[in-house]
Amino acid sequence: MTYAYDDQNIFAKILAGDIPNKTVSETEHTLAFHDINPQAPHHVLVIPKGPYVTGDHFARDASDAEIIDFWRTYGAICADLGVTPDTGEGYRIISNAGRDGVQDVPHFHLHILAGRPLGRMLNPA
Ligand code: 5GP
C-alpha cells in the first residue's frame, strides 16, 4: 500500500505560503485554519504539515511527534472554541478519504464543525 502525494494540492500551497489562509493555530507539525466555505458557525480545518493524503496514511506513516502534535492541537482548538461537551454544546469531526469518502483535497485534514445542531451523522448518498 503506497500513497502518491500531490504536492500541488491546495493545502500544500497553503502550507508553502502561496495561498493565504485565516490561521487558527500553528505548531511545529500542524496548521489549523478556517474553511473557506464554512458549513457551520465554526468550521476549522486541522492539517499536518507533512505530506499525508488521508487519515490512515497519517496514522501509518507519521512520526509519534507529528501524531501527538496533531491531536493535541485538535483538542486545544475545541477547547478554545468553547465547544467541548463538558463545558459547551459539542461539535463534530469529519475526515473524508478517497472516492467514497468524497475527499476533495488530497492532503489529510480534520473538519471541526460546531456552533449549531449538526443533525444526524450521514445523509443518504
Ligand atoms: P474535503 O471535501 O476534501 O473533505 O474538504 C475540503 C475542504 O477544503 C472543503 O470544506 C473546502 O471548503 C475547503 N477548501 C478548499 N479550498 C480551500 C482554500 O483555498 N482555503 C480554505 N481555507 N479552505 C479550502
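1. The ligand takes up the space of the largest pocket. Here a pocket is an open set of points on a 1 Å grid over the protein atoms alone, with protein on both sides within 12 Å along at least five of seven lines; a molecule sits in one if more than half of its atoms lie within 2 Å of its grid points.

2. Bear in mind that this is a predicted model, where local features need pLDDT of at least 70, side-chain atom pairs count only at pLDDT 80 or more, and totals for chains, interfaces and linings use all residues. Residues are numbered from 1 along each chain as its sequence is written, and side-chain values use heavy atoms, with hydrogens and water left out.

3. On to the shell. There are 16 residues around the ligand (a heavy atom within 4 Å), and Asp35, Asn96, Asp104, His109 and His111 come nearest. Helix H1 (10-16) gives the most, with 3 residues; helices here are DSSP runs of H or I, at least four residues.

4. Now the polar contacts (pairs of N or O atoms within 3.5 Å). Asp104 puts a backbone N or O atom 2.8 Å from a ligand oxygen. For His109, a side-chain N or O atom lies 2.8 Å from an oxygen of the ligand, and the side chain of His111 also has an N or O atom 2.8 Å from a ligand oxygen. The protein buries 84% of the 520 Å² that the ligand exposes when taken alone (Shrake-Rupley, 1.4 Å probe).

5. Back to the lining (residues with an atom within 4 Å of a point): 36 residues line the largest pocket, with Asp35, Gln39, His43, Asn96 and His111 nearest its centre.

Key
Polar contact = N/O pair within 3.5 Å; in protein donor to acceptor, adjacent residues only side chain to side chain. 1 Å grid on protein atoms, 1.4 Å probe; cavity = no way out; pocket = protein on both sides within 12 Å on 5 of 7 lines; lining within 4 Å. Helix = DSSP H or I, 4+ residues; strand = E, 2+ residues; numbered from the N terminus.
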